[in-house]
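Thanks for coming, everyone. Please have a look at the structure on the screen, and then I will walk you through it.

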Amino acid sequence: GDEIQGLAEDFNAMSERLQQSYRELESKVEQRTAELALRRDEAERANAAKTRFLASASHDLRQPMHAIGLLVELLRVRVQAPEQRDLADKTHQAVLSMEALFGSLLDISKLDAGAVQPQVQPFALQALLDRVQATHAPLAQAKGLRLRVRPTPLHTDTDPALLERILGNLVSNAIRYTHTGGVLVGCRRRGD
């Protein structure tokens, strides 16, 4: 019944409260971990469904796009008047751009599904830049823009097809969202 016994009882009570708090905290951590695991599983299922949808949709849309391309090409051959020929040429370029976008969509779904593995190799960047310019210059011209590519002697080690797809998407977006002037594409060495 002395002061030390009172302190001991207070200490024991405080220890019990700490143990109770610890048990509650452990329970909350387990509950949150289970919730996070459930959300992660849901996100993975949603991502897999998105990937399947993209692959299916892009494949299904490629066939009608190819048919439209053939019809536009036939129209270009048959049209004689310069104004109509110009319109047919612009339509043809738009179809080529849409086909490229569908190709990108299919490639993205393959990447998401893990079906594409990067094939890293050394290559010269100039040839890639030239292809990107040749592919996107008509689209830029149709918008009244100028697409320029700065020459480069540089080489890199990466997957050339994936890099070309990424760069093509960037250039396509730059053209889409540029209203006057032009788009300049170049590369430079940074560090090693």
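First, the ground rules. This is a predicted model, where local features need pLDDT of at least 70, side-chain atom pairs count only at pLDDT 80 or more, and totals for chains, interfaces and linings use all residues. Residues are numbered from 1 along each chain as its sequence is written, and side-chain values use heavy atoms, with hydrogens and water left out.

Let's start with packing. Two packed helices are described by the angle between their axes and the distance between the axes. Look at helix H3, residues 125-142, and helix H4, residues 160-177. Helices here (H or I, at least four residues) and strands (E, at least two) are DSSP runs, numbered from the N terminus. At what angle do H3 and H4 pack? About 35°, with their axes 10 Å apart. The axes are lines fitted to C-alpha atoms, for helices over the stretch in contact, and angles run from 0 to 180 degrees between N-to-C directions. The crossing of H3 and H4 is right-handed.

Contact means heavy atoms within 4.5 Å.

Take His-136, in helix H3. Is His-136 buried or exposed? Buried, because its relative accessible area is 12%. The cut-offs are under 20% for buried, over 50% for exposed, and partly exposed in between (1.4 Å probe, protein chains only). Leaving aside neighbours within four places in sequence, His-136 is in contact with Leu-147, Gly-168, Val-171, Ser-172 and Ile-175.

Now salt bridges. The rule is a side-chain nitrogen of Lys or Arg within 4 Å of a carboxyl oxygen of Asp or Glu. How many salt bridges does that rule give? The count is eight.

One of them joins Arg-131 to Glu-164, with the closest N and O atoms 2.9 Å apart. This pair links distant parts of the chain: Arg-131 is in helix H3, Glu-164 is in helix H4, and they are 33 residues apart. Arg-131 counts as partly exposed because its relative accessibility is 38%. Glu-164 is partly exposed too, at 24%.

Another salt bridge pairs Arg-40 with Glu-44, at 3.8 Å between the closest N and O atoms. These two are four residues apart in helix H1, so about one helical turn separates them. Arg-40 is partly exposed, at 48%. Shared partners join Arg-40, Asp-41 and Glu-44 into one salt-bridge network.

A further salt bridge brings together the side chains of Lys-90 and Asp-86, 3.5 Å from N to O. Both sit in helix H2, residues 82-113, four residues apart, about one turn of the helix. Lys-90 is partly exposed at 42%, and Asp-86 is partly exposed at 39%.

Phe-11, Met-14 and Leu-18 make a nonpolar patch of about 330 Å². Patches are made of residues with over 30% relative accessible area and no salt bridge; like charges are joined within 9 Å, nonpolar side chains (Val, Leu, Ile, Met, Phe, Trp, Tyr) within 5 Å. The areas come from the Shrake-Rupley method with a 1.4 Å probe; for residues, only the protein chains shown count as cover. Phe-11 lies in helix H1, residues 3-78. Phe-11 counts as exposed because its relative accessibility is 54%.

Arg-176 is in helix H4. Arg-176 and Ala-140 are 36 residues apart in sequence and 8.4 Å apart in space, C-alpha to C-alpha. Not counting residues up to four places away in sequence, Arg-176 touches Leu-101 and Lys-143.

His-179 is in the loop between H4 and strand S4, 182-185. His-179 is exposed, at 64%. Beyond neighbours within four places in sequence, His-179 is in contact with Lys-143 and Leu-145.

Last, Ala-46 in helix H1. Ala-46 and Glu-99 are 53 residues apart in sequence and 26 Å apart in space, C-alpha to C-alpha.

That's the tour. Thank you.

Definitions and conventions
Left-handed = near helix turned anticlockwise from the far one by under 90°.
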